[in-house]
Amino acid sequence: MSFATSRVFKGCRALLAPAKSAAAAKTSSAKTAATKAAPAKPKTKPEKPLQPAGILKVTPVSPALRDFLGVPESSRTDAVKKIWIHIKQNNLQNPTNKKEIFCDEKLKAIFDGKEKVGFLEIGKLLTRHFVKTG
């Protein structure tokens, strides 16, 4: 038997060997059976409620956005949702190109007086309306 042939057969043995994950599954199923029998330990520390961060964090908004939303503070997600509600209610989306939004007077106040904006621009144009807090 040549070197190349022995190499092929050793590779076949490795392929035909039982999978290691099957043995690991047997041990993990034995562990889960043991944990099911044991009573659960009560948690010692009460969990703190998570504070929203990033685009979910409520921050003060500019006067122009405050007039549009009707609230002095808002999260970015809520502001975008309310803008899209306004766009849908007033049928401001371009029917031939759904990526374009025609701006009415309310949206022009927020979007630097532009006649139309792309829907991907909305987030960028809203950035200046959210006041940074320390």
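**Ground rules.** Residues are numbered from 1 along each chain as its sequence is written, and side-chain values use heavy atoms, with hydrogens and water left out. Since the model is predicted, local features need pLDDT of at least 70 and side-chain atom pairs count only at pLDDT 80 or more, while totals for chains, interfaces and linings use all residues.

**Entry 1: counting.** I took a salt bridge to be a side-chain nitrogen of Lys or Arg within 4 Å of a carboxyl oxygen of Asp or Glu. By that rule I got five salt bridges.

**Entry 2: lysine 116.** I looked up its partner and found glutamate 100, with the closest N and O atoms 3.8 Å apart. Lysine 116 sits in strand E4 (residues 116–118) and glutamate 100 in strand E3 (residues 100–102), so the pair ties together parts 16 residues apart in sequence. I read helices (H or I, at least four residues) and strands (E, at least two) as DSSP runs, numbered from the N terminus.

Next I checked exposure, where buried means under 20% relative accessible area, exposed over 50%, and partly exposed in between (1.4 Å probe, protein chains only). Lysine 116 is partly exposed at 45%, and glutamate 100 is partly exposed at 21%.

**Entry 3: lysine 108.** Its side chain meets that of glutamate 115 in a salt bridge, 2.9 Å from N to O. Lysine 108 counts as buried at 19%, whereas glutamate 115 is exposed at 53%. I also noted that Glu105, Lys108 and Glu115 are linked in a network of salt bridges.

**Entry 4: arginine 128.** I found it in a salt bridge with aspartate 112, at 2.6 Å from N to O. This pair links distant parts of the chain: arginine 128 is in the segment after helix H6 (121–126), and aspartate 112 is in the loop between helix H5 (105–110) and E4, 16 residues apart. Arginine 128 is exposed at 52%; aspartate 112 is partly exposed at 45%.

**Entry 5: asparagine 94.** I found this one in the loop between helix H4 (76–89) and E3, and it is buried at 10% relative accessible area. Leaving aside neighbours within four places in sequence, asparagine 94 is in contact (heavy atoms within 4.5 Å) with Glu100 and Phe102.

Then I looked for polar contacts: pairs of N or O atoms within 3.5 Å where, within protein, one must be able to donate a hydrogen and the other to accept it, and residues adjacent in sequence count only if both atoms are side-chain atoms. The side chain of asparagine 94 makes one with the side chain of threonine 96 (3.0 Å) and one with the side chain of glutamate 100 (2.6 Å).
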